[in-house]
Structure formats: structure tokens, C-alpha cells
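Here is a short note to read beside the structure. Please keep the model open and find each residue as it comes up.

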Amino acid sequence: MLQNNLTGSADRDPDRKAYRYLEHAITYQQLDREGNRLSRLLAELGVSRGDKVGIMLDRRMETPLAIYAILKAGAAFVPMDPAMPIARVRGIIQSCDMSLLISTRSQREKLQSVALDLNTDLVVIDCETGAQSQPPDKGCRFIPLSAAESFGHSALPVPRISSSDTAYIMFTSGSTGIPKGIVHTHDSGNAYARLSVRQYGITADDVLGAHSPLHFDMSTLGYLSIPLAGGCAVIIPDAYTKFPASMSQLMQDERMTIWYSVPFAIIQLMSRGGLESRNLEALRWILYGGEPFAPRQVRELLDLLPAVKVSNVYGPAEVNQCTHFTVPSDITGTEESIPIGHACTGNSALIVDDHDARIETGEIGELLIASPTMMQGYY
């Protein structure tokens with residue numbers, strides 16, 4: 001089960017830092033124990049196997065805590081963008097039959113509106129520092145995260161869940177139609193964690209720049225793969241994403257070894273982040289995905305950081321990741337595009353025509369992927 005990746009690292013190296021955010025840090029042992037406390041609070045509030053629990057948080061230290069507490073309770077987590085409109089929040093809560101979320105008081109008005117619209121009651125674990133318990137108000141009951149401190153840090157009795165149970169549901173943006181819930185199981189989530197750890201040689205000594213928010217599928221490298229390897233993920237504060245110079249300073253100060261983001265964030269680092277003046281000797285790999293990266297700009301990146309590998313990571317959220325291409329150091333920048341590469345180890349790829357017949361080299365067709373990282377289906 002996915003939560004075993006955390007407990008395994010906590011057993012092996014309890015004092016190693018698991019996540020860092022601004023001046024805060026949490027070790028694997030602390031995260032495991034605090035996750036046990038919060039899972040007991042969730043169980044006390046009625047969360048059990050198969051339930052869906054929303055996580056509506058900006059980038060913050062409580063995000064990994066919320067993920068693993070939900071998994072420890074036998075439930076599935078549902079990432080939700082705090083900036084999404086009320087209609088989308090309503091749709092996700094309704095379709096998942098959700099009665100509990102982990103969020104902050106800043107979402108009070110939005111969640112109260114949804115509760116009234118759906119004529120339901122919502123319980124919200126409030127992660128704001130200093131939050132106080134408040135009586136139900138307009139369908140919402142806010143409980144401070146600190147309420148978990150009254151529970152012991154031993155684990156709940158192991159819920160009777162199987163590897164085929166849902167671990168998380170990632171909703172698409174809806175850019176191509178009605179948003180779809182992509183259902184990933186403990187099996188598919190763990191398959192991705194193992195694939196990425198193996199593909200990039202991630203170890204306990206690695207420090208990842210966790211740039212993506214939880215509701216974006218690229219975040220799984222920081223929240224699923226890093227705990228398996230026992231490394232550390234540095235959660236990039238929202239404010240830093242708007243100031244590339246601050247991000248590059250953080251990369252230097254935290255001695256990041258792996259960076260993973262969309263090309264836009266990397267381009268901002270190149271143009272306004274002052275990379276040429278930073279000491280990034282610890283950085284060994286830059287991964288990008290989600291959109292094309294112009295060869296000319298990739299060439300500029302390699303010139304700035306000649307000792308760093310740069311790789312194009314491809315795969316829709318339905319399979320997490322399916323292909324990989326490491327850009328050769330002799331790229332000229334005049335190429336038409338960067339390839340998506342070959343199928344990752346353990347994956348199979350086939351390109352077919354409109355009649356599902358295998359096409360010849362050089363022809364255009366549809367890419368089919370078979371992978372243990374594949375979703376269970378649409379929710």
C-alpha cells in the first residue's frame with residue numbers, strides 16, 4: 001500500500017528530513033506519527049475504507065500529512081485546486097459523495113455555498129495556524145488540525161484494503177470537455193513510484209524541488225516517489241513561483257538535486273532567475289513535462305547548466321508517465337522538436353492506424369500504452 005512507503009522510510013531512517021517548506025521541516029518519523037494522529041481523527045469523524053476525502057490546499061507543509069493520514073485511514077484522497085470555481089468544487093464533492101475535506105478557513109465562503117447548494121453537511125479540517133473549533137455554520141463545521149494532537153501517535157489497526165482499492169482521484173482540467181476523475185489505485189500509484197525511482201536513480205540523498213501543486217499530476221513524483229526512496233522534497237511556496245530569482249536562490253540554498261516542472265517555470269528561471277550566478281553544483285537532473293519545450297531554449301538551458309541532465313517526461317495523468325527522453329548534450333537548438341522518447345521500463349508502446357493495425361516507421365498513428373501505472377478507470 002502507498003502508505004507503507006512512508007512507514008518504511010520512517011523505520012529505516014526516522015530522523016531524515018522528508019519535506020521542507022520555508023523554515024519548516026518534518027522528518028519521516030514525525031510525518032509518520034503525525035499522520036497516525038490525523039488518521040485517528042479522521043476515523044473518529046467517520047472516515048473509513050473507500051471514502052473520498054478532499055484536499056484543498058495551496059503548496060504547504062500540511063499537504064503530505066493530509067495525503068498519508070487519508071491513506072492510513074483506508075480512504076482515498078481527492079486533490080482540489082483552491083482557486084477552482086464554486087461550480088467545479090460542487091461537482092467534485094457531489095460526484096465523490098464527499099463529506100470531509102482538509103483545507104483552510106480561507107475556503108469557508110466557497111464551501112459554505114456548496115454545502116447549502118447540495119443541502120449537505122461538510123466537515124473541514126482547518127490547517128490554518130491557530131485555528132479554533134467552530135460550531136456548524138451554514139452546513140460547514142470547521143475543526144482545527146490541532147484537534148489531532150489529542151490522539152496517540154500509534155497507527156490505526158490496518159484497514160482491510162487491497163492493492164486494487166482507490167488511493168486517489170485526480171480530476172482533469174476539463175479543457176477538452178467535462179472534467180473527468182482519473183482513478184488510481186494503490187497498485188498503479190506504487191507502480192509509478194517504483195518506475196520513477198528506478199528511471200531517475202532517486203535515492204535517500206536526493207532533494208527534489210516539488211514545484212507542482214497537488215491537483216496537478218506531476219506532483220506525484222514528490223508525494224509518492226520521494227517517500228519510497230527516502231529522499232527529501234522541498235515544497236516550493238506559492239509566492240516563490242512568481243519570483244524566479246527567489247526560486248533559484250532556494251534551489252541553491254536547499255542544494256536541490258532534481259528539479260521537475262513545466263517548461264514555463266524553467267524558462268522563467270532562465271530569463272529572470274539569475275541561474276548563471278547561482279551555485280547549483282548539487283543539481284544533477286532537470287525533468288520537464290506537461291507542454292513542449294522549444295529546442296532553442298533547451299540548448300540555452302544546457303549551456304547554462306552543462307553538468308545537468310535534461311529530460312522530457314511524457315504521459316497523461318491516466319498513466320502518470322509512459323515515455324522518457326534525455327536530451328543529448330550535442331543538441332543544436334535548430335531541431336523541429338524534442339522527442340518524447342521511448343517507453344519507460346515495464347511499459348509497452350504500440351502505434352496503430354485507424355484500423356488498429358501496426359504502422360510502418362515514419363508514418364503517423366495513435367500511440368497505445370500498456371503499463372502497470374495505468375489508472376483503474378474514470379470515476
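1. Start with the largest nonpolar core of this predicted model. The core holds 62 residues. Tyr19, Leu38, Leu42, Ile102 and Ile125 touch the most other members. Helix 3 (residues 62–72) gives the largest share of this core, seven residues.

2. Now go back to Ile102. What does Ile102 touch, leaving out residues up to four places away in sequence? The contacts are Leu38, Val53, Gly54, Ile55, Met56, Leu57, Ala66, Ile70, Ile125 and Cys127. Note that Leu38 and Ile125 are also among the core members with the most contacts to other members.

3. Next, the aromatic rings. The whole structure has four aromatic pairs. One of them joins Tyr200 and Trp285, edge-to-face. Their centres are 5.2 Å apart, with 85 degrees between the planes. The two residues are 85 residues apart in the chain. Tyr200 sits in the loop between helix 6 (186–199) and strand 10 (207–210), while Trp285 belongs to strand 13 (residues 285–288). Are they buried or exposed? Both Tyr200 and Trp285 are buried.

4. Why does the pair of Tyr288 and Phe293 count as edge-to-face? The planes stand at 90 degrees, and edge-to-face calls for over 60, so the pair qualifies. The ring centres lie 4.9 Å apart. Tyr288 and Phe293 are both buried.

5. Finally, look for lysines over rings. Lys309 lies over the face of Trp285, 4.4 Å from the ring centre. Lys180 lies over the face of Tyr378, at 5.6 Å from the ring centre.

Technical notes
Residues numbered from 1 in each chain as written. Predicted model: local features only at pLDDT ≥ 70, side-chain atom pairs only at ≥ 80, totals over all residues. Heavy atoms only, no water. Core = buried A, V, L, I, M, F, W, Y, C linked by side-chain atoms within 4.5 Å. Buried < 20%, exposed > 50% of the residue type's maximum accessible area, 1.4 Å probe, protein only. Helix = DSSP H or I, 4+ residues; strand = E, 2+ residues; numbered from the N terminus. Contact = heavy atoms within 4.5 Å. Phe/Tyr/Trp six-rings, centres within 6.5 Å; stacked < 30°, edge-to-face > 60°. Lys NZ or Arg CZ within 6 Å of the ring centre and 35° of its normal.
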